[in-house]
Amino acid sequence: LLFNHMYPDGHPMKKQLLEGADTRIAAVKYEDVIAFHKLLSKAPRVATVFSPSGAQKASAAVLAPLNCASALSFSAAAGSAKMPKAAVLSKVIPDKTSVSFMMGTPVDLHNTHDDFLPLKMAVNALGGGFGTRLMDETRDRLGLTYGVSGYLSGGVKRVANSAAFVIQSSCKPSNLEKLQDSIVGVTNSFISGGMHDYELEDQKEFAIGSRKVRNDTPANELALLHRNLLDGSDASHLDSFETRVQAVSLPQINAVIKKYLNKDKFT
């Protein structure tokens, strides 16, 4: 099935891989699998991490037993809360009929911090799907993109800048400059002006409702509890979720937007 997707009919590699495959598979011995596994475990693998160096140290410790050679970039001073300098990177891949665009910044915040929930609600109001500011402007009003989304990833506790605020989108090549301008403009306006009352009420309803939908099975609830314990919080942090959501105020949510989303630090 994999080869059928990788190579079109008539491709010489497909014929070479498929001819006699049944015979070759039947001939494989247990010792062959063990030998290959030993060979593979000695081969270097590469993990690319775009993060400040505080997170680089953490990732290097995780990757070391896996024999990974870490390719690390966008570094800040080790252990520093200083943001990396803004950067622009572009990559041309020939023969593509669309382009993709991403913009973001590291955030000095972990997902059990009191500011994380209001900031996550704010980011969702900006780019969490249909009915949000980015989608309303770039897709519905201007017709520049196939889709646009924004999200806030949770950070590692005690590691500065390991969370990230990211916006991603795609479009046809001729729309790229207009799309970038629109996304930057909407985002900057959101950071400067903050959220509206109706957006906050929508996000409260969404946060509570989506939490119930996502965790409707024991397995999902257990995974959430386990992640919470790994982050250093007990079950009471989860039990208080709805209360904490309802307690978020507009001044609070607009304060965390300005505190953590610096438009001069976007990459």
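This is a predicted model: local features need pLDDT of at least 70, side-chain atom pairs count only at pLDDT 80 or more; totals for chains, interfaces and linings use all residues.
Residues are numbered from 1 along each chain as its sequence is written, and side-chain values use heavy atoms, with hydrogens and water left out. Local features need pLDDT of at least 70 and side-chain atom pairs count only at pLDDT 80 or more, while totals for chains, interfaces and linings use all residues.

User: How far does helix α8 reach from its first C-alpha to its last?
Analyst: Helices are DSSP runs of H or I with at least four residues, numbered from the N terminus. Helix α8 covers residues 176–193, which is 18 residues.

User: Which residues of α8 are buried?
Analyst: Buried means under 20% relative accessible area, exposed over 50%, and partly exposed in between, with a 1.4 Å probe and protein chains only. On the other side of α8, Glu177, Lys178, Asp181 and Gly193 are exposed. The buried residues are Leu179, Ser182, Ile183, Val186, Thr187, Phe190 and Ile191.

User: Within what arc do the buried residues of α8 fall, seen down the axis?
Analyst: The arc is taken from the directions from the helix axis to the C-beta atoms. The buried residues of α8 include Leu179 and Ile191. They line one face of the helix because they fall within an arc of 155°.

User: Which residue just after α8 takes a positive phi?
Analyst: Just after α8, a positive phi of about 80° is taken by Gly194.

User: Which residue forms a salt bridge with Glu199?
Analyst: A salt bridge is a side-chain nitrogen of Lys or Arg within 4 Å of a carboxyl oxygen of Asp or Glu, and the structure holds 4 of them. For Glu199 the closest N and O atoms are 2.8 Å apart, and the partner is Arg133. Glu199 lies in helix α9 and Arg133 in helix α7, so the pair ties together parts that are 66 residues apart in sequence.

User: Where do Arg141 and Glu137 lie?
Analyst: Arg141 forms a salt bridge with Glu137, with the closest N and O atoms 2.7 Å apart. Arg141 is exposed at 57%, whereas Glu137 is partly exposed at 21%. The two are 4 residues apart, about one turn, and both lie in helix α7.

How values were computed: The expected span of a helix is 1.5 Å times one less than its number of residues.
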